[in-house]
Amino acid sequence: MTFLPYGRQSISEADIEAVVAALRSDFLTTGPLVERFEKALADAVGAKEAVVVANGTAALHLAVMTEELSARCAVIVPAITFAASANCVAYCGAPVIFADVDPVTGLITDESFDEALKVLERDHHGYRLGGVIPVHYAGRPVDLSHIHEVCDERGSFLIEDACHAIGTVGPQGAVGSCQASNMACFSFHPVKTLTTGEGGAITTHDPVLAQRLRALRSHGIERDPAHFVGLRYDGEGDTGPWVYEQQCLGYNYRLPDLNCALGLSQLQRLPDFAGRRKTLVRAYQAVLEETNIPVNWKSSEHDAVFHLFAVNIDFAGLGTTRAAVMAGLRQRGIGTQVHYIPVHRQPWWQTQALAQRALPGADRFYQNTLSLPLYADMSDDDPARVIEALREVLG
């Protein structure tokens, strides 16, 4: 029986040919495919600019870096997410206030955002709201209306963690179009809807911001003389064709042409990927309704492209454990995963004073969540196979 992992990449012959063509070109690292991929990605999500980087963590780090936070600028981040959503703030020397989430969807809500803001203002005098990083968990979009209004009033940034959500259309339009945010960050890890192997991107409508992001991803170096600020060497301005300026402290977060070749090919398949994932999610929904097993999953009221099919199961109430259920499914050829342990529960974050607070929604979500297989190359019959295996294991 074919093993079904919880997620995996879909690589076509066209994808392979695109990468081979890049291998045969003059550029393996930064070359013309970087700019082509950025332009195609911006067009695909409806943004004016896209800046591609080495991975989703790099995207989040650079996005927060541009905000130049002080140690007294706290950033609100939901507790259910990958560690990078909060770590990127700590990299920049600022504290995190974790927000609770809906115990079924895992999303930050208007109420949990307001509560986190209240905690910041009530318990942490001398701090101000630097910004918010809402997470479109599993590809389900957060309604940003209220958060955007508060950030706008306070002069705080709003950066969307869209690492799960390429292709999703939410209340503010296509995720990545930045209709209610300063920037949106994507990941192109192999289990995501679209992959570049490893890779990430930041989208924005601000060309000046995009130019700064491009400098930061490459050591803070500027090579265009039109943007030079005045390198001095031996008392003279140096203007030869070899000249570059390091204008700020940056990183090596570049994405090579090889990866961008794969990204360009995969981007052409994005409509098919999105459609396939929606078909599989509908199949899961139909089977869950027919079998009537104690599994809770809430459909999206928006046009979501799900990266994860994360269901809620009351393991304790059923007299079992998640580990036992995962083992039973694996014996039946079904791979699963857990997304995520609440970040505020992690040992390092427990050492951070502002991160320590009770978040019952996040704890409940974590206790009951299980990610079932969802990827484009699954067959039409696979959702029924997964749910039947789950029914057997749950008894």
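The model is predicted. Helices α2 and α8 come within 8 Å, axis to axis. Helices α9 and α13 pack with their axes 8 Å apart. The largest nonpolar core holds 98 residues.

**Helix pair α2 and α8**

- Two packed helices are described by the angle between their axes and the distance between the axes.
- Helix α2 spans residues 32-45, and helix α8 spans residues 257-268.
- Their axes cross at roughly 30°.
- Angles under 35 degrees count as roughly parallel, so α2 and α8 are roughly parallel to each other.
- The crossing of this pair is left-handed.
- On the α2 side, the contact is made by P32, L33, V34, R36, F37, A40, L41 and A44.
- On the α8 side, D257, C260, A261, G263, L264 and L267 take part.
- By class, the α2 contact with α8 comprises 11 nonpolar, 1 polar and 2 charged residues.

**Helix pair α9 and α13**

- Helix α9 covers residues 270-291, and helix α13 covers residues 382-394.
- The two pack at an angle of about 40°.
- That angle makes α9 and α13 oblique to each other.
- The crossing of α9 and α13 is right-handed.
- Helix α9 contributes L280, A283, Y284, V287, L288 and T291 to the contact.
- Helix α13 contributes P383, A384, V386 and I387.
- The class count for α9 with α13 is 9 nonpolar, 1 polar and no charged residues.

**Nonpolar cores**

- In soluble globular proteins, nonpolar side chains tend to be buried together.
- Within the largest core, of 98 residues, I76, I133 and Y137 have the most contacts.
- Helix α3 (residues 56-65) supplies the largest share of this core, 7 residues.
- Leaving aside neighbours within four places in sequence, I133 contacts L60, V64, V75, I76, V77, P78, S85, C88, V89, F157, I159 and D161.
- A second, separate core has 26 residues, including V45, A184, A201 and A261.
- A261 also belongs to the α8 side of the contact with α2.

**Residue T369**

- T369 lies in strand β15, which runs over residues 369-372.
- Buried means under 20% relative accessible area; T369 has 0%, so T369 is buried.
- Not counting residues up to four places away in sequence, T369 touches Y137, A310, V311, F315, R322, V338 and H339.
- One of these, Y137, is among the residues with the most contacts inside the largest core.

Terms used: Residues are numbered from 1 along each chain as its sequence is written. This is a predicted model: local features need pLDDT of at least 70, side-chain atom pairs count only at pLDDT 80 or more; totals for chains, interfaces and linings use all residues. Side-chain values use heavy atoms; hydrogens and water are left out. Axes are lines fitted to C-alpha atoms, for helices over the stretch in contact, and angles run from 0 to 180 degrees between N-to-C directions. Helices (H or I, at least four residues) and strands (E, at least two) are DSSP runs, numbered from the N terminus. Angles under 35 degrees count as roughly parallel, over 145 as roughly antiparallel, 65 to 115 as roughly perpendicular and the rest as oblique. A crossing is left-handed if the near helix is turned anticlockwise from the far one by less than a right angle, and right-handed if clockwise. Contact means heavy atoms within 4.5 Å. Ala, Val, Leu, Ile, Met, Phe, Trp, Tyr, Cys and Pro count as nonpolar, Asp, Glu, Lys and Arg as charged, and the others, Gly among them, as polar. A nonpolar core is a set of buried Ala, Val, Leu, Ile, Met, Phe, Trp, Tyr and Cys residues joined through side-chain atoms within 4.5 Å. Buried means under 20% relative accessible area, exposed over 50%, partly exposed in between (1.4 Å probe, protein chains only).
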